[in-house]
Amino acid sequence: MLSRIFLGLAASAALLAAQNVQNQALTGEAARSAEIAKTNPFNTEADVQQGNALFQVQCTYCHGARGEGGRGADLTAGVYKMGGADPDLFKTVRSGIPGTEMPASRLTDDEIWKMVGFVKRLGSRGLSEKAPGDAAAGKALYAKNGCAGCHRIGDEGVDLGPDLSDVGRRRGLAFLEESLVKPEAFVSNTFRAVQLVMKSGPAVGGIRLNEDDLSVQLRDTNGNLRSVMKDGVKELRRDKPSLMPSYERLSKTDLTNLVAYLNSLKGAQ
Amino acid sequence: MKKWSVRLAGATFAMAAAWTLSGQGLPVTSERLLKAADEQGNWLMYSRTYNSWRFSGLNQINANNVKNLHVKWLFQGRHIEKFETTPLVANGVMYLTRPENAIYALDAATGRQLWAYEYRNPARTFNCCGKVNRGLAILGNTLFMNTLDMHVVAVDARSGHELWKTEMYDYTAAGGYAAPGAPLIVKDKLIVGMAGGEKGVSGFLDAYDPKTGKRLWRFHTIPQPGEPNFGTWDGDSWKTGGVTTWNNGSYDPETNTLFWGTSNPWPDYNDDFRKGDNLYSCSVLALDPDTGKLKWHFQFTPHDVHDWDSTQIPILLDTQFQGMNTKALAWANRNGFYYLIDRTTGKFLMAKAFVKQTWAKGFDDNGRPEVIPGNEPTPEGNDHTWPGIDGGANWMSHSYSPLTKWLYVFAREEHRVFSKNTVPHPTTETPDRPVAAGTLPNAGAYDPGLGGARTQQVGGPEESWGKVIAVDPGTGNVKWEHKVLTPPWGGVMATGGNLVFGGTLEGMIFALNATTGERLWTFSANGPVFASPISYTANGKQMVSIPAGDVIVTFGLD
C-alpha cells in the first residue's frame, strides 16, 4: 500500500517537470516558438539603427530615451528577468509580459527583430569597446575622489547615484567620459536632482523618487528617504545642477584612466 | 546656475526635519525591537511586539471621534493577487510586500512610493492558497522577505538594493515547498518558516545570519530517525509528513524562548499510512533561539485528520489562572478550542471551545483531547463535524489589549464537509485539463493528500458565519460577541483608543468598542480583507492601515 504513495509522488514530480512544456502546448506558444529563429536574423548596423528609430517611437514612453527605465524596466542593465537570449527577447517584445504594463507589440516580426537588436545593444554598449587608459590607476582615482560616497560597486558604497557595478557593460566609453565632465548632459529619469527652497527652514536637496501635485519624495544627500508637502515649498528647482559633480578639472590622463576603470566594471555575470 | 549651497562628495548636510520624514528611523537595532511597544508611532515587526499582542497604544482615534475616520490614501497593488501583508512602519516610512514578492517603501503620510524592489519567482510555484506574501522583518538598515520559491532575500531599506539571497530548500522537491510567511528577527538571528503541508514535504524552521544569509540552524519539525518522538510516525510516513511553519512566531526575552506553531500532518485527510500522534504536527514549539534546540512542545491536535494547523500566532500574556498570576501562552486554535498554557513549562492549564465543535468531549490533565468518534473524513463525505476545514481560527492575527485585559479573536463558525479519497483519481494533468495555478497536481494515481473540503453554500448564514469575540484569557469566558455575515480571513487589532479594528470578507472595515463590542464605524472597501490591521503615526497623526483586495487602505482623522 505504502509504495503506492511514493509511486504517486514520483509520477507527480515527473509530471511537474513536464508541465511548462504542456502549458505552452496549450496556449499554442510551443508551436509559435518553434518558428522563432535562434539568433537574430536582422543584426546589421542598419537593422540596429532602424530598431533604435522604432524604439524611440514605441518604447521610450515607458523605457526612457536611452532605455534607462522609468515606468518600464531598465533595459540598460544587460540582465533580463524574462530571458536575454534572442528568442526570449523576441517573445517578450512581441507578446508583452502578462500581468504587467509591458504591452504586446503590433509591429511585424521583422521590425520586432530589429528592436531586439537595439535592446540588446542597450544592455551591452561597453562590451565591444576597448578602453585605452590604465584601469588600476583609474581605480585609485575612484577612491581618491570620493565616488563611493554616492555610488555602489558590488557590496561597496551607497545608492545615491546609479549602481556602477556593471556600468562598463551598459555604457560606452563616450558616455562614461561625458558623465564625468558634463553630468547634466544626460540624467536618467530615475536620478533627477531636485532642490526644494522652503518657505521656512533650510533647503532640502537630493534625488527625486516620486512626485505629484501635492508632494515630492526624494532621497536626500545623506541617503535618507524624505517626503515634502508642496504647500511648504517656496521654489522647486529641478535637474540643474545634477547631483553628480563635474570632474572636468581632472587631467586628460586621469579622465582616461577613470573611464578605463569604469569600463572594466562588467557586473557579476 | 548657482551650485547647491550644500557641498557634495563626502561632506555632511544639515537638513530640516520637522516637516519631512524624520530620517527613516534607521537603523532598527535588536534593542529597539525588544522595546518595540514603546515606539508608539512605529510598527517594527509582524505582530508589532514580541509578545504578539498586535496592540497599538495610540489613542488619538477613540470611541468619541472614530465616526470621523476617513480614507487618507490608497496604495494600489495593481496585481491580480490579494494582499495578505502586514506592513512595517519606521518613522514615517511604510515598508510592505505586494504579491508575489515585491517590496515597496512608501511615505506613510501620503502613500507615495519611495522605491520598489521586485523578486521574480519562476512561473510555477507551489503555494497552496494563492501567490501571497505576509510581510517583512527589519534589522539595522535591512529588510528581509521570504519568497514563494523558497529563498530568503535581504534588501537595503534605504534604496531597495538587494544585499543577499539564500535558498532555503529546493522549492520543487516532494510536492513543492513555498515560503509565504513573514520572517521574524530574534536578537541577531533571522527566523524563517516554510509551507507545503498539503504536499508531502518535510517541515522545518530555520535561522539565518541577517548579515550574510548563512544558515545558522534548522529545526526539523518531524523528528529524524533516532530523535525523541520519531516513533510517533507509522512506517515511512515521517518522510513526507508535512508539519510546516508557515506563519509567524513570538519571543519571550525573559526566558529566551521562541514560540512557533506548526501545521497539519500530511496527507491531510487520509491517515491510512500515518498512524500515531505525528509529532510535532499541530503543536506549539518552544525553542532556544540561539541553538534551535527544542525546550518543550505542546500538541493541540494529536493525529490530526481535519487540516487543523496550529500555525496561529502565539500570544504571550500574564493572567490570573485559578487565582494565580500565570505567565501564559494564550491560543485560540484552528480546532475550535481556546487554550491556556504555562509558557515557562509548556504545561496545559485549560481549554474551552470558542466556536461550535463536535469532535472532543474534554481534555485529560495533559491537555490531550478525548476524541468523539464519527468525526473522521469519509469517502462519501462527513458533514457532522464542526469546526470546518478552515477552522475556528486560522492564520489571521488575534489581539490582546492591556487596557481591557481581554483577548480579541475574529473567529470562524463553519460547517463543512470532510471527505477523503480512497479510489484512484481518474484525472491527470493533460494539455486540455491543466492544473490551475496554486492547486495540487494530481498524478493520476491514488493521491491520499486530496479529499477535504466541499465548500459551504454561498450566502448560507445558518451554515457559517463570523464573529469578533472578547475572551477573558484566564477563563476562556466570552465577554462579548459581535457577529458578521461570513467567516473571516482578516485579523484584528486593539488600540489605546479602546477600539478593535478589523475587516470582513466582503470588504467592510470596522471599528468596535473594545469594552462592549458595539460597532462604532464602518467603511465599505469592497475587496476581501485577507490581512490584519496596523496603526502608526505620520507627522504625529495616528493612522490605521488595512489591506482589502489588492488595495491598502489607510485612514486618519484630519
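Biologist: What are the ground rules here?
Modeller: The model is predicted, so local features need pLDDT of at least 70, side-chain atom pairs count only at pLDDT 80 or more, and totals for chains, interfaces and linings use all residues. Residues are numbered from 1 along each chain as its sequence is written, chains are lettered from A and ligands numbered from 1 in the order in which they are written, and side-chain values use heavy atoms, with hydrogens and water left out.

Biologist: Chain A to start. How many helices and strands in its secondary structure?
Modeller: Ten helices and seven strands. These are DSSP runs, numbered from the N terminus: helices are H or I with at least four residues, strands are E with at least two.

Biologist: And what share of chain A is buried?
Modeller: Buried residues make up 46% of its 269 residues. Buried means under 20% relative accessible area, exposed means over 50%, and partly exposed is in between, with a 1.4 Å probe and protein chains only.

Biologist: Which residues of helix α9 in chain A are buried?
Modeller: In α9 (residues 173-181), they are A:L173, A:F175, A:L176, A:L180 and A:V181. Their cover includes α8 (167-170) and α10 (252-263) of chain A.

Biologist: Now α3 and α6 of chain A. At what angle do the axes cross?
Modeller: Roughly 90 degrees, and the axes come within 7 Å. Here α3 is residues 45-58 and α6 is residues 109-122. Axes are lines fitted to C-alpha atoms, for helices over the stretch in contact, and angles run from 0 to 180 degrees between N-to-C directions. The two helices are therefore roughly perpendicular. The cut-offs: under 35 degrees is roughly parallel, over 145 roughly antiparallel, 65 to 115 roughly perpendicular, and the rest oblique.

Biologist: Which residues make the contact?
Modeller: From α3(A), they include A:V48, A:L54 and A:F55. From α6(A), they include A:M115, A:F118 and A:L122. Contact means heavy atoms within 4.5 Å. The contact residues divide into seven nonpolar, five polar and five charged.

Biologist: Switching to chain B. Where does B:D390 lie?
Modeller: In the loop between β24 (369-371) and β25 (399-401) of chain B.

Biologist: Is B:D390 buried or exposed?
Modeller: B:D390 is buried, with a relative accessible area of 15%. B:D390 touches B:R334, B:R412, B:E414, B:R416 and B:W489, leaving aside residues up to four places away in sequence.

Biologist: What order do the strands take in the sheet with β25 of chain B?
Modeller: The order is β25-β26-β29-β30, four strands in an open sheet with antiparallel pairing. Two strands pair if DSSP finds at least two bridges between them. β25 and β30 (478-484) stand at the edges with a single partner strand each, so one side of each has no neighbour in the sheet. Neighbouring strands are turned by 25 degrees against each other on average, direction ignored.

Biologist: How many bridges join β25(B) to β26(B)?
Modeller: Three, and the strands run antiparallel. B:S401 stands opposite B:W406 in β26(B).

Biologist: What about the sheet with β5 of chain B?
Modeller: That open sheet has four strands, in the order β3-β4-β5-β6, with antiparallel pairing. Its edge strands are β3 (88-90) and β6 (113-118), and each pairs on one side only. Five bridges join β5(B) to β6(B). B:A105 stands opposite B:W115 in β6(B).

Biologist: Which residues have the most contacts inside the largest nonpolar core?
Modeller: B:Y95, B:W115 and B:F501, in a core of 91 residues. Strand β5 (residues 102-107) of chain B gives the most to this core, with five residues. A second, separate core has 35 residues, including B:A332 and B:L512. A nonpolar core is a set of buried Ala, Val, Leu, Ile, Met, Phe, Trp, Tyr and Cys residues joined through side-chain atoms within 4.5 Å.

Biologist: Last one, β32 of chain B. How many of its residues are buried?
Modeller: Five of five, in residues 499-503. B:L499, B:F501 and B:G503 lie on one side, B:V500 and B:G502 on the other.

Biologist: What does β32(B) form with β33(B)?
Modeller: A hairpin with four residues between the strands. B:G507 in the turn has a positive phi of about 90 degrees. The pairing is antiparallel over five bridges, and the bridge partner of B:F501 is B:A511.

How values were computed:
Ala, Val, Leu, Ile, Met, Phe, Trp, Tyr, Cys and Pro count as nonpolar, Asp, Glu, Lys and Arg as charged, and the others, Gly among them, as polar.
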